[in-house]
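Have the structure open while you go through them.

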Amino acid sequence: MSTVDKSEQQRLSVFKTYKLYVGGKFPRSESGRVYEVSDSKGKWLANAPLSSRKDARDAVVAARKAFGGWAGATAYNRGQVLYRVAEMLEGRKGQFTHEVADAEGLSKSKAAEQVEATIDRWVWYAGWTDKIAQVLGGGNPVAGPYFNLSSPEPTGVVAVLAPQQSSFLGLVSVLAPVIATGSTAVVVASEKAPLPALSLGEVLATSDVPGGVVNVLSGRTAELAAPLAAHQDVNAIDLAGADEALAKELEIAAADNLKRVLRPQPVDDWSATPGIDRMTAFLETKTVWHPTGSLGASGSSY
């Protein structure tokens, strides 16, 4: 029997099959379509699912189903869950550094800086979950014998168009504030560089984020954004990843059921401290009036 020198043997690489992340599961697109994803130099990296309108509708159903439980969780618990995501990302820095470097044409050191900034961003929003209500809410001075208290509440299902150029840090910068404040999200990943977003789904699935809280789609941004903007069960949309023409189109579609719309804003540096604007964009304020003194114990809210 002949023997083969192990040094002459070649190991075949195991190529990764990227899938969508919807309802806590990893389906392929219902259409069966894929599209080629290339690095900054045009080299093939992987085939990503080319999501359909049906995939977008399925993602909205999953997000709506998860909303009640996520919005009803304590702010402290949501903070713990977000922090757990950061822990999981910390353990997979090497993978994300590789994917970000390929996606954005960065050196390994620059890509590592982007990944570390992304992890820090998760921790930053994790710390805000039980503080934002104190900043935005409180007692209001009113004329009359009443307690008048305002508190923020999550909007509902939010469609998020991830930034096209910042495949990971930009993505997290628009996703984390949505779920930190109790809404659920349907994310359309960067059309050109979707792989970090699809890999993030794997991290979410192995952390404590309930299925359906975040749903990640890849494909043609315009093709997916149109049905999401018009969907009657989507409460808000972040147009960060839309160009000027598409954003105008989507705003018109969103007006049909009075969605909250966060317009695209020029961002030179996603690593800058974000402030609380993206959290407040998807919060509603509930005000409760309650009589004091001898008027009785009943109250009303508006």
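Predicted model: local features only at pLDDT ≥ 70, side-chain atom pairs only at ≥ 80, totals over all residues.

1. Take a look at α4 (residues 108-128) and α6 (residues 169-180): their axes come within 10 Å and cross at roughly 10 degrees. Anything under 35 degrees counts as roughly parallel, so α4 is roughly parallel to α6. On the α4 side, the contact residues include Trp122 and Tyr125, while α6 brings Val172 and Ile179, among others. By class, that contact has 9 nonpolar, 3 polar and 1 charged residues.

2. The salt-bridge count comes to 13. One of them pairs Lys16 with Glu202 at 2.9 Å, N to O. Lys16 sits in the segment before β1 (34-38) and Glu202 in helix α7 (residues 195-205), so the two are 186 residues apart in the chain. Lys16 itself is partly exposed, at 33% relative accessible area.

3. Another pair stays local: Asp58 and Lys54 meet with their closest N and O atoms 3.0 Å apart. Both belong to helix α1 (residues 53-72), 4 residues or about one turn apart. Asp58 is partly exposed at 31%, and Lys54 is too, at 36%.

4. Glu284 and Arg260 form a salt bridge as well (2.9 Å, N to O). This one links strand β10 (residues 283-291) to strand β9, 24 residues apart.

5. Finally, check Leu258, whose phi is near 55 degrees, a positive value in a non-glycine residue. Most residues other than glycine have a negative phi. Leu258 lies in the loop between α9 (244-254) and β9 (260-262) and is exposed, with 76% relative accessible area.

Note on methods
Residues numbered from 1 in each chain as written. Heavy atoms only, no water. Buried < 20%, exposed > 50% of the residue type's maximum accessible area, 1.4 Å probe, protein only. Axes fitted to C-alpha atoms, helices over the stretch in contact; angles between N-to-C directions. Parallel < 35°, antiparallel > 145°, perpendicular 65-115°, else oblique. Contact = heavy atoms within 4.5 Å. Nonpolar A, V, L, I, M, F, W, Y, C, P; charged D, E, K, R; others polar. Salt bridge = Lys/Arg side-chain N within 4 Å of Asp/Glu carboxyl O.
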